Amino acid sequence: MSVPRNEYPRPQLVRKDWVNLNGEWDFAFDDNNVGLKEKWFQNGGTFDRKINVPFAYQTKLSGINDPSFHDYVWYSREFTVAKGWNNQRIILHFGAVDYRAWIYVNGEYVCFHEGGNVSFSVDITDHLTWGNEKVVVRVEDPSIDETIPRGKQFWIEKSDSIWYTRTTGIWQTVWLEPVSPTHVSKLRLTPDIDRGDIIVEFEVSGEFINKKADIEISFQGEMVAKDTIEVFEPYTKRSINLYNRQIFRTSFHHIGWNWSPENPNLFDIKFTLKDEENQVILDELDSYFGMRKVHIENGMVYLNNKPYYQKLVLDQGYWPEGLLTAPTDEDLKKDIELALEMGFNGCRKHQKVEDPRFLYWADKLGFLVWGECAAFPSYSEDAASRLTKEWIEIID
């Protein structure tokens, strides 16, 4: 059986080694909320169903297809870690789990996350046996609480006008990744087209003293910039000029290196973290960026310093068989291609934080995206706090 959604899940920070944990998991409804008391995370509990991750149990593609309310659900599956990874830190990633998730590895609690729209990860190295491993996920998705960011999802009370089937639990890819004890933990790329610069910010976890970072930037296969940075602290920021003054003044607009829907030009960037003293490469990753600028002037939206008319479609990001989860990566791409064929140059994502793969295809194909987060139905201090916390994670 092929693994669903087997494409690389994080297009803006790509490493070569990873393992997809999608596919068949053991699954259970816990309607009486006894799983925690009975320690299902240790003894296996009553996992009497199978589910096809990353599709929520409400979907056809999950293999369960049950739209009814179940506030507590559990997942379990076994996995092994590649022998070649035994000197590295092993990171367990979740693309998104709605709404609260408790993660256990080999019977031990490893992390908690609240928020159904964003990714999270945890270093599970110290909980591994390096034999047959087991991950268990406990999920709570309250069916009554109106102070959580629900967006268009159905809840029990006061939602007769909401027609969208709920999404509970894992709805984006689950995957493993090995990293060196010293590695890049965050990379942020910010274009400045007025200066012709790309601003590179990165953070290093682990022992960073006497380490160097090589940055190589290319456009359509041709190297355009290269820099080596000596790392002195965990956070580093560097501005790299891509358009030297002569090119920028005389032929920049003719060359058309800026990103726009009409010309979705992207730069590739390769990042290598090295320990030169011991001649060891600690981390290698690939990313990309577009040189573009968005600002407001005289009540109009400008793209790359020119007024830009946005012809946007309201995009629900909903599929008949997968609900919030696209059946395949090709489906995400096809949605954008169809919108472009109909004359749209972008979309407003309605009450949904979209899969990173959608944003990747938007960058590649030339598609503007207005992003939204799910809203809460009823205001309270708790509601505002939950929305603010998740919105910060979304932007990050």
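The report below takes these topics in turn.

This is a predicted model, in which local features need pLDDT of at least 70, side-chain atom pairs count only at pLDDT 80 or more, and totals for chains, interfaces and linings use all residues. Residues are numbered from 1 along each chain as its sequence is written, and side-chain values use heavy atoms, with hydrogens and water left out.

**Confidence.** pLDDT is the predictor's confidence in each residue, from 0 to 100. The chain average is 93, and 95% of the residues reach at least 70. Residues 246-254 stay under 50. For that stretch the model has nine contacts (heavy atoms within 4.5 Å) beyond four places in sequence. Where pLDDT is low, the predicted coordinates should not be read in detail.

**Sheet.** Strands are DSSP runs (E, at least two residues), numbered from the N terminus. Two strands pair if DSSP finds at least two bridges between them. Four strands form an open sheet in the order β1-β12-β5-β9, with antiparallel pairing. β1 (19-20) and β9 (120-123) are the edge strands, each pairing on one side only. Inside the order, β5 (residues 89-94) and β12 (residues 174-179) run antiparallel and are joined by six bridges. L92 stands opposite L176 in β12.

**Cysteines.** A disulfide is counted for a pair of cysteine sulfur atoms within 2.5 Å. The count is zero. The C347 sulfur has its closest cysteine sulfur in C373, 15 Å away, which is too far for a bond.

Buried means under 20% relative accessible area, exposed over 50%, and partly exposed in between (1.4 Å probe, protein chains only).

| Residue | Relative accessibility | Class |
|---|---|---|
| C111 | 12% | buried |
| C347 | 0% | buried |
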